[in-house]
Amino acid sequence: MSSTTGPATDGHPFHHVALVYHTAADYVAGTVPFAQDALSRGSPVLVVVPPDNLDLIRTALGDDTRRVSFADMTVVGRNPAALLSGVVSDFVAAHPGQRTAIIGEPVWPERTEVEYPACVAHEALANTVLTGCDLEALCPYDARRLDTRIVADAYRTHPLLEQRGKRRRSTAYTDPLALVDEFNLPLPPPPADAAVLDYTDRSALPRVRLFVSRQAEAAGLAEERVREVVVAANELASNTVEHTAEGGRVVVWTDPGVLVCQVEDTGYLPDPLVGRLRPDVTRSRGRGLLFVNQLGDLVRVHTRPGYTGFRLHFLL
């Protein structure tokens with residue numbers, strides 16, 4: 001059983017714990033007591049992990065399964081940038097006044113190098129977004145199959161570590177914003193044969209929408225997904241013409257199994273939390289980047305003074 005359970009004793013109600021495991025038995029021994037402890041306190045529990053690990057937890061929980069909510073991380077967490085504003089916020093908001101518990105596994109061995117920086121940003125920013133939230137989150141990391149640098153990064157994104165039933169503070173924990181800045185990496189260049197459209201002002205937005213629509217249709221996306229690509233690209237291009245004077249560029253291409261749509265301009269996005277928090281319901285603005293994160297299967301961002309590039313991936 002975990003050595004640190006129940007409400008926080010250090011004045012911080014949000015506990016963010018990395019569970020380092022090596023075997024299926026390790027996994028069950030770390031996750032199931034965590035869920036059972038929370039249930040015994042009357043806390044709602046959400047388990048969001050890849051399918052094989054969902055099965056492990058369900059089997060081990062037995063009758064307690066009926067009191068736990070489950071979701072497939074490979075589906076709802078496909079885009080890590082949407083997890084905080086979607087899955088996590090929705091679960092916490094659905095249980096006001098209660099301490100909640102989440103088992104979330106946003107990094108699994110099949111995650112690609114393209115996805116990984118977005119995963120680190122999610123784990124780091126959780127420490128900022130969820131500060132003050134009455135929540136305990138356990139994030140499993142497969143030390144046997146994940147690269148050692150990924151496990152090392154887990155030590156940097158989680159204030160608390162758990163391994164073989166022992167919980168301790170992480171001496172490698174790093175300031176979240178500093179870590180996000182470290183992973184604010186330049187995007188690899190688009191292929192030479194990518195389709196390109198430059199735009200300058202609001203009058204060009206219909207051309208942007210038509211351009212993106214044609215590229216998405218040619219790639220074979222379903223009609224509904226084509227509309228989603230168009231909405232996302234239009235939101236980003238609209239931000240360009242509203243906030244910059246030089247206009248921007250849309251670049252579209254296909255990689256194996258995915259349509260990639262990149263929107264870039266000369267703006268600068270210094271706040272990494274933009275698009276990860278739901279704006280106040282009384283505000284009519286500020287929702288565009290939130291929509292973009294919700295629509296894409298993966299959203300990567302690189303920003304620096306004089307440049308911001310959004311790279312959106314849509315599975316074919």
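The entries below follow the order in which I looked things up.

**Entry 1: overall**

I noted at the start that this is a predicted model. I counted secondary structure and found 10 helices and 12 strands. Next I checked the radius of gyration. The protein has 20 Å, which agrees with the value near 20 Å for a compact globule because the chain has 316 residues. I then took the box along the principal axes. The C-alpha atoms fill roughly 60 × 35 × 35 Å.

I looked up burial and found that 53% of the 316 residues count as buried. I put the accessible surface at about 14,400 Å². Carbon and sulfur atoms own 54% of that surface. Residues 24 or more positions apart account for 71% of them.

I have 31 positive and 39 negative side chains. The centres of the two sets lie 2 Å apart.

**Entry 2: strand 4**

Is strand 4 mostly covered or mostly open? I found 5 of its 5 residues buried, across residues 100–104. I sorted the side chains by direction. Thr 100, Ile 102 and Gly 104 point one way, Ala 101 and Ile 103 the other way, and all are buried.

Which strands pair with strand 4? Strand 2 (residues 45–49) runs parallel to strand 4 and is joined to it by 4 bridges.

**Entry 3: helix 4**

I moved to helix 4, residues 84–93. Its buried residues are Leu 84, Ser 85, Gly 86, Val 88 and Phe 91. I recalled that residues three or four places apart in an α-helix point the same way, because there are 3.6 residues a turn. What do the buried residues of helix 4 pack against? I listed strand 2, strand 3 (68–72), strand 4 and strand 5, together with helix 5 (116–129) and helix 10 (288–295).

**Entry 4: strands 1, 6 and 7**

I traced strand 6 (residues 160–163) to its partners. Strand 1 (residues 15–21) runs parallel to strand 6, with 3 bridges between them. Val 17 stands opposite Leu 160 in this pairing. Strand 7 (residues 166–169) pairs with strand 6 in the antiparallel sense over 4 bridges. Leu 161 has Arg 168 as its bridge partner. I then checked the hairpin of strand 6 and strand 7. There are 2 residues between the strands, and Arg 164 takes a positive phi near 50°.

**Entry 5: two single residues**

I looked up Pro 96 in the loop between helix 4 and strand 4. Pro 96 has 65% relative accessibility, so I logged it as exposed. I also took a C-alpha distance from Pro 96 to Arg 111. They are 15 residues apart in sequence and 33 Å apart in space.

Ala 60 was next, in helix 2 (residues 51–61). I logged Ala 60 as partly exposed because its relative accessible area is 35%. Leaving out residues up to four places away in sequence, Ala 60 touches Val 28 and Val 32. From Ala 60 to Ala 232 I got 41 Å, C-alpha to C-alpha, with 172 residues of sequence separation.

Conventions
Residues are numbered from 1 along each chain as its sequence is written. This is a predicted model: local features need pLDDT of at least 70, side-chain atom pairs count only at pLDDT 80 or more; totals for chains, interfaces and linings use all residues. Side-chain values use heavy atoms; hydrogens and water are left out. The radius of gyration is taken over C-alpha atoms; the globule rule is 2.2 Å times the number of residues to the power 0.38. Buried means under 20% relative accessible area, exposed over 50%, partly exposed in between (1.4 Å probe, protein chains only). Contact means heavy atoms within 4.5 Å. Accessible areas come from the Shrake-Rupley method with a 1.4 Å probe; for residues, only the protein chains shown count as cover. Lys and Arg count as positive and Asp and Glu as negative; His and the chain ends are not counted. The place of a charge is taken as NZ of Lys, CZ of Arg, CG of Asp or CD of Glu. Two strands pair if DSSP finds at least two bridges between them.
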